[in-house]
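User: Hi! I am new to reading protein structures, and I would like to learn how to look at one feature at a time. Could you walk me through this one?

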Amino acid sequence: MVDSTRTLPDAWWRDAVIYQVYPRSWADSDGDGIGDLPGITSRLEHLAELGVDAVWMSPFYTSPQNDAGYDVADYRDIDPLFGTLADFDALVERAHALELRVIVDLVPNHSSSEHEWFKAALAAEPGSRERARYLFRDGRGDGGELPPNNWQSNFGGSAWTRTQNPDGTPGQWYLHLFDPTQPDFDWNNPEVQEEFRSILRFWLDRGVDGFRIDVAHGLHKEPGLPDAPSDYDIATQATSLQPMWDKPEVHEVYRDWRRLVDEYRVEGEDADRILVAEAWVIPEESLAKYVRPDELHQSFNFGYLMTPWKAKHQRESITNALAATAAVGAPQTWVLSNHDVPRHASRLAIDIDQPTRVLGIGPDHPQPDSELGLRRARAATAVMLALPGSAYLYQGEELGLPEATTLPDEVRQDPTFVRTNGEDVGRDGCRVPVPWHADQPAFGFNTTGESWLPQPEVYGDLAPNRQEGVAGSTLELYKRLLTVRRKLGLGRGELHWQELGEDVLAFTNVTTGGRRLQVITNFGSDPVDLPHGELVAVSGTLDEHRLPTDTTAWIIPG
Ligand code: GLC
Ligand code: MG
């Protein structure tokens, strides 16, 4: 076996740009209005041309789709909505031919209530081996009529649902940190641990290059499942102070998995299979524990995603994040958008001091200024892609797509919407099918015009066929940034801050080859002078050689 600490110092993932595809919304080959695997395969060239290194796909496994596939009924098969295992193999083959690595989503915290194990658990007695794979408990109160503790579901409401006995009388309760159709596994159970080892191997043997681990900080709960503190402040207090998140035992799981994926390494080849955590954890030092040398490779930096659009906050956030991962020898993993948060082309138009949770934007909210949002989004991306480390892009952000903020209630599908009684409109607004061609049905998403969520009109104007080769388009900007990033090796560089005024974020990325790129973002209202040198990219339009507000420039000092 290969020693994991001897991973190549320049392994591919340390500076990779990874593009997230949300399968139901990227490309629909059979015209049923839901994207699918053959659709993805047919569009992979877009990613090769864009210049990313890998594609990560959200779940496509067998699922009743109560949480858009994050409720898995069979971890070793493809849902017929998305295709077959043969379609998956064809996708991997095509991706690899285009030199794109493939990362799949693994959902280990919970299964679907349609999973064979959960159905067996419901049919079995309390205390049985079947129930021991999940978290069944007796209720509180005389007749067990109260939930076992006060935990709330992430989608709203209690995190417990009561079962019914075969004779119709009320029975035990089971825990679900998300939807009631997503029962949590008991990760202390060796059977659960062994099952996931086997699932990892199943996909590794099919040739995947890595896994994004859903809810990576939730697998182990505080023993005894005590009540959550009522005065907990999510903005400032350590995530681990809550009994369901960031428990020390999760790290044992990841050490185990790291040994497993490392068995697939080939000495001397740049072919690491990687593990990336979705862990909403503060402080940074706790998050960094997930990427210690013998654990996971990457962990999304959601603190960065939530950082207010202000020079001071951005600088602080980047500095702290780099320090935290450097302390454990890992690269940072930057991200601005994904399938759970409003797209940054809309989110950044809303001035929030320090958001702690990113809620959806609905028709009743103040509508984001789309011009302002896009300008800031482009400037933000130009910062992110110049930072050392790895970066994740979310489908459609390279087109500058805004959040769909005016979806009518009746089309919404995210369980968050229903479970919070509409208080949080949920995440459908960032999940709308993407456009490919302005003048085709469903903007080229398919040939029938069907679409599981309605597409905003503006998505047509932003279709790739309207942006390709158009100077100044968002698509061409992304291509330019990715080309320069790759050519200079920015992902492996070192960041040095510069002082250019309170409203200016300025740093130099010094690459391993000793090349320098100066990156400047103007957060103030007045244009600022650009330093001398060659302007290699700019996120907007210069104002007589000066850098206007909400704009980022890349300069090779002259
Ligand atoms: C993660 C996913 C999200 C899903 C949840 C439950 O946060 O990103 O989409 O709803 O886990 O699986
Ligand atoms: Mg389809």
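Analyst: Happy to! Let us start with R273, which is found in the loop between α5 and β10 (274-277). Helices (H or I, at least four residues) and strands (E, at least two) are DSSP runs, numbered from the N terminus. Before going on, note that this is a predicted model, where local features need pLDDT of at least 70, side-chain atom pairs count only at pLDDT 80 or more, and totals for chains, interfaces and linings use all residues. Residues are numbered from 1 along each chain as its sequence is written, chains are lettered from A and ligands numbered from 1 in the order in which they are written, and side-chain values use heavy atoms, with hydrogens and water left out.

User: Is R273 buried or exposed?

Analyst: The general idea is a cut-off: buried means under 20% relative accessible area, exposed over 50%, and partly exposed in between (1.4 Å probe, protein chains only). R273 has 16% relative accessibility, so R273 counts as buried.

User: Which residues is R273 in contact with, leaving aside its neighbours within four places in sequence?

Analyst: Contact means heavy atoms within 4.5 Å. With those neighbours set aside, R273 is in contact with L204, G207, V208, D209, V261, Y264 and H297. Two of these deserve a second look, using the idea of a polar contact: a pair of N or O atoms within 3.5 Å; within protein, one must be able to donate a hydrogen and the other to accept it, and residues adjacent in sequence count only if both atoms are side-chain atoms. A polar atom of the R273 side chain lies 3.0 Å from the backbone oxygen of L204, and the R273 side chain also reaches the backbone oxygen of V208 at 2.9 Å.

User: What does the side chain of S58 make a polar contact with?

Analyst: The partner is the side chain of Q20, at 3.1 Å. S58 sits in the loop between β2 (54-57) and β3 (61-62), and its relative accessibility is 1%, so S58 counts as buried. Beyond four places in sequence, the contacts of S58 include Y70, D105 and H339.

User: What are the protein donors of the magnesium ion (ligand 2)?

Analyst: Donors are N, O and S atoms within 2.8 Å of the metal (3.2 Å for Na, K and Ca); water is not among the atoms, so sites may look incomplete. For this ion they are D28 (OD), D30 (OD), D32 (OD), I34 (O) and D36 (OD), lying 2.2 to 2.3 Å from it. Along the chain, these donors follow the spacing D-x1-D-x1-D-x1-I-x1-D. D32 is partly exposed, with a relative accessible area of 35%, whereas D36 is buried at 2%.

User: Where do I look for backbone angles?

Analyst: A cis peptide bond, with omega of about -5°, joins I282 and P283, and P283 is in the loop between β10 and α6 (284-288). For phi, Q65 has a positive value of about 65° although it is not a glycine. Q65 lies in the loop between β3 and β4 (74-78) and is buried, with a relative accessible area of 17%.
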